[in-house]
Amino acid sequence: AVGNNTNAILNKSFDKDPSTGLYDILDQNQLNDFNQHTISNAVNAGVNYKNDKLTFNASNRFSFETVERVYNTLNSTLNRNQQSVSPTVSANYKITKSKNLSFYYNGRTTQPSLNQIEPLNQNRETVVNYLPNPDLQSGFRNSYNLYFNSYKQIKDQSFYSSIYMTQSFNAVTAKVNYFSETGKRDIQYVNIKKPNTYISFYSEYRQPIWKRFNLSGNLGGSLNYNNSFNYL
């Protein structure tokens with residue numbers, strides 16, 4: 001797959017003319033006038049395997065992207081070349097006719113945007129100052145899901161259990177410097193060096209209590225863990 005996209009951005013801000021009272025004086029410091037050109041292409045590769053017990057799939061998407069932002073009034077250009085991968089693995093194993101064990105994994109590169117690398121000029125928030133960060137790097141996010149399912153058709157009993165986990169490495173977040181004397185804030189997007197982790201466990205059991213009235217009972221529970229980092 002190949003993509004080609006071009007955008008033209010023109011965002012003007014005007015100051016008040018003290019002699020006329022009209023807002024018709026162009027503020028050059030808040031002017032955003034640029035053209036942005038993006039070229040992207042992607043390649044997919046995968047493998048599949050299946051027998052009576054096991055079904056297995058693995059694939060990966062390789063993406064290559066070139067982004068160019070040309071500032072028309074500053075005679076400067078911002079370029080960024082990005083490479084991303086998105087691996088996926090899924091497997092299902094039939095332990096018996098009524099029991100299944102499944103696993104799913106997904107990973108993807110997380111790319112910072114050009115607005116995070118070099119924020120646009122703006123005057124909507126006079127107490128907030130966005131700082132550029134040309135050293136901003138890409139990160140990576142992993143997702144894992146392992147689940148077990150059992151269903152006894154004759155007894156109409158079922159049991160389900162799953163564990164889900166995500167981890168983000170080198171994630172992009174806002175670093176905020178707050179100045180209590182003036183109430184102003186400096187915000188710069190940076191990479192978090194510690195991984196952000198989320199884990200969730202869920203399990204449920206169901207069985208009939210009174211079949212005559214289609215009455216059944218469910219017993220389930222869940223546990224969650226979240227660990228994230230930020231800068232302030």
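Reader: Okay, how many bridges join S4 to strand S5?

Author: There are 17 of them, and the two strands run antiparallel. One thing before we go on: this is a predicted model. S5 covers residues 54–71, while S4 spans residues 32–50.

Reader: What about S1, how many bridges join S1 to S4?

Author: Ten, again with the strands running antiparallel.

Reader: Zooming out, in what order do the strands form the open sheet?

Author: Nine strands take part, in the order S1-S4-S5-S6-S7-S9-S10-S13-S14, and the pairing is antiparallel.

Reader: Which ones are the edge strands?

Author: Strand S1 (2–11) and strand S14 (215–227), each of which pairs on one side only. On average, neighbouring strands in this sheet are turned by 10° against each other, ignoring direction.

Reader: Let's go to Thr88. Which strand is Thr88 found in?

Author: Thr88 sits in strand S6, which runs over residues 76–96. S6 is joined to strand S7 (residues 99–110) by eight bridges, and that pair runs antiparallel.

Reader: So what is the bridge partner of Thr88 in S7?

Author: That's Asn106. The side chains of Thr88 and Asn106 are also joined by a polar contact of 3.2 Å.

Reader: What else does Thr88 touch?

Author: Leaving out residues up to four places away in sequence, Thr88 touches Asn57, Ala58, Ser59, Tyr104, Tyr105 and Asn106. Take Asn57: 31 residues separate Asn57 from Thr88 in sequence, and their C-alpha atoms are 8.0 Å apart in space.

Reader: New topic. How many salt bridges does the structure hold?

Author: One. Arg206 forms it with Asp156, and the closest N and O atoms are 2.8 Å apart.

Reader: Is Arg206 buried or exposed?

Author: Buried, because its relative accessible area is 18% and the cut-off for buried is under 20%. Asp156 is at 27% relative accessibility, so Asp156 counts as partly exposed.

Reader: What about Thr197, where does that one lie?

Author: Thr197 lies in strand S13 too, which covers residues 196–210. Thr197 has 11% relative accessibility, so it counts as buried.

Reader: And which side chain does the side chain of Thr197 make a polar contact with?

Author: The side chain of Gln167, at 3.2 Å. Not counting residues up to four places away in sequence, Thr197 touches several residues, among them Met165, Tyr225 and Asn227.

Reader: Last one: which residues are in the largest nonpolar core?

Author: Seven residues make it up: Phe34, Val67, Tyr71, Leu78, Leu114, Ile117 and Leu136. S5 and helix H1 (114–117) are the elements that give two or more residues to this core.

Reader: What is Leu114 in contact with?

Author: Setting aside neighbours within four places in sequence, Leu114 is in contact with Gln36, Val67, Arg69, Leu78, Arg80 and Pro119.

Methods: Residues are numbered from 1 along each chain as its sequence is written. This is a predicted model: local features need pLDDT of at least 70, side-chain atom pairs count only at pLDDT 80 or more; totals for chains, interfaces and linings use all residues. Side-chain values use heavy atoms; hydrogens and water are left out. Helices (H or I, at least four residues) and strands (E, at least two) are DSSP runs, numbered from the N terminus. Buried means under 20% relative accessible area, exposed over 50%, partly exposed in between (1.4 Å probe, protein chains only). A polar contact is a pair of N or O atoms within 3.5 Å; within protein, one must be able to donate a hydrogen and the other to accept it, and residues adjacent in sequence count only if both atoms are side-chain atoms. Contact means heavy atoms within 4.5 Å. Two strands pair if DSSP finds at least two bridges between them. Axes are lines fitted to C-alpha atoms, for helices over the stretch in contact, and angles run from 0 to 180 degrees between N-to-C directions. A salt bridge is a side-chain nitrogen of Lys or Arg within 4 Å of a carboxyl oxygen of Asp or Glu. A nonpolar core is a set of buried Ala, Val, Leu, Ile, Met, Phe, Trp, Tyr and Cys residues joined through side-chain atoms within 4.5 Å.
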